[in-house]
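Subject: Structure handover

Hello,

Please find the structure below, followed by notes on what was found in it. The notes can be read alongside the model.

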Amino acid sequence: MAVFTEVTETQANDLMQALNLGALTALRGIEGGIENTNYFASTTQGEYVLTLFERLTHEQLPFYLFLMKHLAGRGIPVPDPAANRDGDVLHTLCGKPAAVVNKLAGKSQLQPQAVHCAAVGDMLARMHLAGADYNRSQPNLRGLPWWNETVPVVLPYLEEAQARLLCSELAYQNHIASGAAFAALPRGPVHADLFRDNVMFDGERLTGFFDFYFAGVDTWLFDLAVCLNDWCIDLPSGVHDAARAQAMLRAYNQVRPLTAAERELLPALVRAGALRFWISRLWDYHLPREASMLTPHDPTHFERVLRGRVQAPISLSDLV
């Protein structure tokens, strides 16, 4: 569990009362976080999630919080940030930026079947369309410029074969990003981190997307690629699962048909999605921050996924 900043029950209670959310009855840290400090907060009025932001700033955070409000207002099932009496949704706790959102119903589906992948594809397309007219803009902070900055930092920790793959793939992605097809890709706000543990289900019914704190304006295809690389693979091996990918792609395509440029670059963008998370996991693993019970994710997982995407490109027949 990642708890970078310890919050006392008194501090949490004061914030809940200031937000008119009732008196605190329980507070416990949430497992699995690696970027922020997260707590489940129970009050006399309901269940909430308290987040303290460890890297994002007061200047950056309104993009994420108001994006969630925008999407919630368009019927997308996402957490809705709580406002104080002045209408502010960004707060300060323990000297850190903080937010409180409603806890979504359901639980994460960590062993998804095709039906779950289809539900994610459908809702992801709806989310992209709902966010198209969002009036704030912020780049994906873990996009290509960050990859270019971070790869030289992690290279000294790698074996020769790993370093060769990392550098060659980064060069390939810079080449792709400079092309006309990439420039033609539709863009808008993206979640950029929609893994299995960031979606809630009640049985086969999708009940919510959450953890938008990697969101930014990027290509919608990149967002879809990130999902394909987590929901539609065999986790132990990283091998592509064609049936689940087909379910996700068909469901997405039925809501928002992919453009010609997106169809052309899908194989390249799933590689980009694998590269992004390999780099970030290498960074977290080799250059960790102090945190209570923090266990960095295994970076070799996305190395395997990337190698698989390079050796066996995703087939566009999955869309047929």
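**Loop and surface patch**

Leu287 sits in the loop between H9 and H10; helices (H or I, at least four residues) and strands (E, at least two) are DSSP runs, numbered from the N terminus. This is a predicted model, in which local features need pLDDT of at least 70 and side-chain atom pairs count only at pLDDT 80 or more, while totals for chains, interfaces and linings use all residues. Residues are numbered from 1 along each chain as its sequence is written, and side-chain values use heavy atoms, with hydrogens and water left out.

Leu287 has a relative accessible area of 30% and is therefore partly exposed (buried means under 20%, exposed over 50%, partly exposed in between; 1.4 Å probe, protein chains only). Together with Val153 and Tyr157, Leu287 makes a nonpolar surface patch of about 240 Å². Patches consist of residues with over 30% relative accessible area and no salt bridge, with nonpolar side chains (Val, Leu, Ile, Met, Phe, Trp, Tyr) joined within 5 Å and like charges within 9 Å. A salt bridge here is a side-chain nitrogen of Lys or Arg within 4 Å of a carboxyl oxygen of Asp or Glu. Accessible areas come from the Shrake-Rupley method with a 1.4 Å probe, and for residues only the protein chains shown count as cover.

**Helix H10**

The twelve residues of H10 (residues 300-311) should span 16 Å at 1.5 Å a residue, and the end C-alpha atoms are 16 Å apart, which agrees; the expected span is 1.5 Å times one less than the number of residues. Buried in H10 are His301, Phe302, Glu303, Val305, Leu306 and Arg309. These buried residues pack against helices H5 (160-177), H7 (220-231) and H9 (260-286), and against strands S10 (233-234) and S11 (239-240).

Glu303 is buried because its relative accessible area is 10%. Beyond its neighbours within four places in sequence, Glu303 is in contact (heavy atoms within 4.5 Å) with Gln162, Leu165 and Trp278.

**Cysteines**

A search of the whole structure finds zero disulfides (pairs of cysteine sulfur atoms within 2.5 Å). Cys232 is in no disulfide, and the nearest cysteine sulfur, that of Cys117, is 4.0 Å away. With a relative accessible area of 0%, Cys232 is buried, whereas Cys94 is partly exposed at 31%.

**Helix H6**

Ala180 is in helix H6 (residues 180-183) and counts as exposed, at 67% relative accessibility. Its C-alpha atom is separated by 26 Å from that of Gln254, 74 residues apart along the chain.

Regards
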